[in-house]
Amino acid sequence: MASRICDSVLVTGSNRGIGLELVRQLADSPLPPVQIFAGCRDPNGPRSQDLQELAQKHHDVITVVQLDTTSHTSIAEASKLVEAKLKGKGLNLIINNAGVNIPGSLVETGKQEMVDVFTTNVVGPMLIAKDFHPLLCKAAAQFPHQTSMSCSRSAIINVSTLLSSIKRCPENFSVSPMYPYRVSKAALNMLTCCLAEDFRKDGILVMSLHPGWVQTEMGGPEAPLTTLESISSMLKVITSLTEKESGTLLDWEGKNIP
C-alpha cells in the first residue's frame with residue numbers, strides 16, 4: 001500500500017527542470033503531500049507558466065511561493081507565508097533544488113562568476129535552512145515518540161552533483177571543467193555535513209542528493225536521464241532515508257558518492 005512521503009514540502013527552483021518535475025510527481029502521487037510549496041523567483045513570469053498551470057490543476061495541494069534564494073528578504077517573506085499556510089503545523093521537508101551553472105573553465109572564470117554561483121548554490125540553501133529551521137523543528141516535535149529521522153518527519157535535501165566529489169574529480173574534470181559549479185557544490189556538501197551535525201539534536205535529517213545527468217536546460221539534450229526517470233528514482237531514495245544517511249551524498253539510485 002502506498003504511503004505519503006510527507007505532509008508538507010517546500011521545493012525551491014520549481015518552475016522548470018528538476019524542480020518542476022519534483023512538484024509534478026509529488027502532486028500526482030497516489031497519496032500526495034497535503035501541502036506542496038513550489039518556490040520560484042518570478043511566479044508570474046513567462047518561465048513559470050508550466051508551474052502555474054500545474055498549480056491550477058492541483059489548486060488544493062500546490063501553493064506557488066515567490067522565493068528568490070539570492071535574497072534574504074525574499075526567503076524571510078516566503079517563510080512567513082509558509083508558516084501562515086501551515087496553520088500551526090511544522091514543515092516536514094525542504095528540497096533545495098534552486099541552482100545555477102555557467103561555462104566555467106579557468107580562462108572564463110573571474111571573481112564575479114565565482115561569487116554569483118556561490119551565492120545561489122551555497123548561501124541560498126544556508127539561508128533557507130536558517131530561516132525555516134523553526135518550522136522544521138516544529139515538524140520533528142510533532143513525532144514525540146519517534147527518535148528516528150526521516151523525510152516524513154523533518155528533513156532537508158540539498159540537490160548536489162557527482163561533480164562536487166573531490167575524490168572523483170580526476171575521473172571527470174576533463175569532460176566538465178566548470179570551476180564555479182564544482183567548487184560551489186563541493187561547498188554545498190560541507191554545508192550539508194555542518195547542518196546534519198547541527199540539526200541532529202532537533203531530529204532533522206540533512207543530506208545531499210545527485211539527480212544524475214538529466215535532460216534539462218542545465219543538463220542539455222545529450223544527457224542520458226529524463227526528468228521523469230531521475231525524479232521517480234530520487235523520490236524512492238528520499239522515501240527510504242534514515243539517520244544513517246544524514247550528512248551523506250547519494251546519487252538518484254541511492255549509491256554513495258565519496
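Two strands pair if DSSP finds at least two bridges between them, and the close-up views below, taken from a predicted model, start with strands that meet this condition.

**View 1. Strand 1 beside strand 4.** Strand 1, which covers residues 8-11, pairs with strand 4 in the parallel sense, and 3 bridges connect the two. Within this pairing, Leu-10 stands opposite Ile-94 of strand 4.

**View 2. Strand 4 beside strand 5.** Strand 4 also runs parallel to strand 5 (residues 155-159), to which it is joined by 4 bridges.

**View 3. The side chains of strand 4.** In a regular strand the side chains alternate between the two faces of the sheet. In strand 4, which spans residues 93-96, Leu-93 and Ile-95 point one way, whereas Ile-94 and Asn-96 point the other way, and all of these residues are buried.

**View 4. Helix 3 packed against helix 4.** Two packed helices are described by the angle between their axes and the distance between the axes. For helix 3 (residues 72-86) and helix 4 (residues 111-141) the angle is about 30° and the axes lie 10 Å apart. Because angles under 35 degrees count as roughly parallel, the two helices are described as roughly parallel to each other. Helix 3 passes helix 4 in a right-handed crossing.

**View 5. The residues between helix 3 and helix 4.** Helix 3 contributes His-72, Ile-75, Ala-76, Ala-78, Ser-79, Val-82, Glu-83 and Leu-86 to the contact, while helix 4 contributes Gly-124, Leu-127, Ile-128, Asp-131, Phe-132 and Leu-135.

Methods
Residues are numbered from 1 along each chain as its sequence is written. This is a predicted model: local features need pLDDT of at least 70, side-chain atom pairs count only at pLDDT 80 or more; totals for chains, interfaces and linings use all residues. Side-chain values use heavy atoms; hydrogens and water are left out. Axes are lines fitted to C-alpha atoms, for helices over the stretch in contact, and angles run from 0 to 180 degrees between N-to-C directions. Angles under 35 degrees count as roughly parallel, over 145 as roughly antiparallel, 65 to 115 as roughly perpendicular and the rest as oblique. A crossing is left-handed if the near helix is turned anticlockwise from the far one by less than a right angle, and right-handed if clockwise. Contact means heavy atoms within 4.5 Å. Buried means under 20% relative accessible area, exposed over 50%, partly exposed in between (1.4 Å probe, protein chains only).
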